[in-house]
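Here is a short briefing on aromatic contacts and on charges over rings. Read it alongside the coordinates.

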Amino acid sequence: MYEILIVDDHTHLVDSLAIGLPWEQMGITNVYKAYSGEEALELLNYRSVDIVVTDIHMNGMTGLELIARINEKWKNTKAVIITGFDEFQYAKEAIQQQVSDYLLKPVSNEELEQTLRGIINRITEEGNELLNQQKFVYRFRESLPKLREMFLHELISGKNYPIAALKDKINLYGLPFSVEKEAILLAMRVEEDYSNTDLYSLSLIEYAMFNIVEEVFSNKFNVMYCKDSHDYLIFLVQVSSIEQSDKENSAMVEDLARLSQHQIKLYLKSKVSIVLSNWGGFPKDILPMYHSALSIYTDYIGYQTESFFHVTQIKEEFEIQPLAELYRSQTLMELIDIEQWTAFESKLTRIFDELERAGSGVREYGVEIYVTLLQTYSYYLHKKGKRIFEVFGRDIEKMLKVDASWSVGPLKEWAFSSYIQIKAYSDSRSDHIRFDLMDRIRRFIQENVKDITLQTVADHVNLHPVYVSNLFKQETGENFSNYVLRLRMEKAVQMLKHKDLKISEIAHEVGYQKPQYFIKLFKSHYGMTPQEFKNSL
């Protein structure tokens, strides 16, 4: 849950602390190490560190200078000073820098653990206080209209919520809607030309339309609304009491919808068309209600303006309707685009569950599913620069011979086997890409070990430093900084063996401006100083 950074130019002390405390028991998930103030600042640019433990006296930037820089940029990061200097001036400056604690060397693991646990408790308390502040509550309430709109938009896009989660959302957003109680959907098309209107003014107009409809319905009905991806204004209406009969409710909703249409024209000088859906259960019937309303615009209203239509006016019943799950967000195309393979497989399972309930429409739907899947698989492979036959081989002939005579079984077998082939290709491709990327990274580090940093490597491969760091650790099992240190030490050894150079010159050649710092690192790594190593040859 929390992350900590240990900073000291004595590498053995840093390494010892990093493995000496029960970090997971303390609630600390990541322990980072830095051997100078400069290295610590570079790491802080890419990691969300909660606590920094640092020595005061270090080569280059001091611990107090480091904390001052941290306070400028990362105000919520807590700092602990560990030092062998028991002087009032240091303590005074540490207090000025709002250091959380000041410990004198030698510090036992038990003392440091106790100190860190106290700081973690304070961080937790500060977080709880923040959550309880009136400012936070005010901002949440300020965001409620937009959150409610997003909630309805998710429902008309086909998002399914478990009943418990749905009720939690309704309560959290203060919506007076009852689950499984009937509701009706109103789809409004704005027919004025607002193409030359700026976004702010258009938003105000739409907000006024939302308010008019809500106000018109407010005496007898609860309303929530949103704008869909086609720029229709969508309203969901539910009776606020159970006194009226269904017939009275339907008549009243139609009258109020017509009144809304009239008032929008009267007060906003804007023409709108309105379509009312049939009544349906909330939220299970919202998606078909929404689709049926949109179909009225395309099938019946077209370019007519100021229309008013109720779905019940249509007597004809359609046997065939689109498969709901096939087009429910997230679609197969959306999932394969971001390679969410587990979600893709679950989506396939739900599609075929719906297909098996389709009765006489199985063959018709089978072709619809097949065409959608073939398009999805083709899109993915072509995006990766692959021809279909390169992945499917001879199976391509079978794929292109599918027709309406297929039954559910063979279609399902083809769908899932093709998915497995696509996923296997993706896994193999990802492994190859990571292998090539790591090869480029290693070669670049080896060729530029003197001046290498995580940022220069990231720039070389055009990736974010955090991704490069995580990839390096995942693929090699070694931290980036440890790998660079090892390469520099190995290069120093070779130079000590084969070149008659001064220690200061070797230090500079392997990337260290301060020879003393290089000597400390070398001794920590090999157990002897460079000069001692050279003398032993």
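**Aromatic contacts**

Y377 is buried, with a relative accessible area of 1%. The model is predicted. Y377 and W414 form an edge-to-face aromatic pair.

**The Y377–W414 pair**
- Y377 belongs to helix 14 and W414 to helix 17 (residues 408–447), so their contact ties together parts 37 residues apart in sequence.
- Both Y377 and W414 are buried.

**The F344–Y377 pair**
- In total, the model holds 24 aromatic pairs.
- One of them joins F344 and Y377, with 6.2 Å between centres and 40 degrees between planes.
- F344 is buried, at a relative accessible area of 0%.

**The cluster**
- Ring pairs link W341, F344, Y370, Y377, Y380, W414 and Y419 into a cluster.
- F344, Y377 and W414, described above, are among its members.

**Charges over rings**
- R258 places its charged end over the ring of F308, 4.1 Å from the ring centre.
- R488 lies over the face of Y512, and the distance to the ring centre is 5.1 Å.

Technical notes
Residues numbered from 1 in each chain as written. Predicted model: local features only at pLDDT ≥ 70, side-chain atom pairs only at ≥ 80, totals over all residues. Heavy atoms only, no water. Phe/Tyr/Trp six-rings, centres within 6.5 Å; stacked < 30°, edge-to-face > 60°. Buried < 20%, exposed > 50% of the residue type's maximum accessible area, 1.4 Å probe, protein only. Helix = DSSP H or I, 4+ residues; strand = E, 2+ residues; numbered from the N terminus. Lys NZ or Arg CZ within 6 Å of the ring centre and 35° of its normal.
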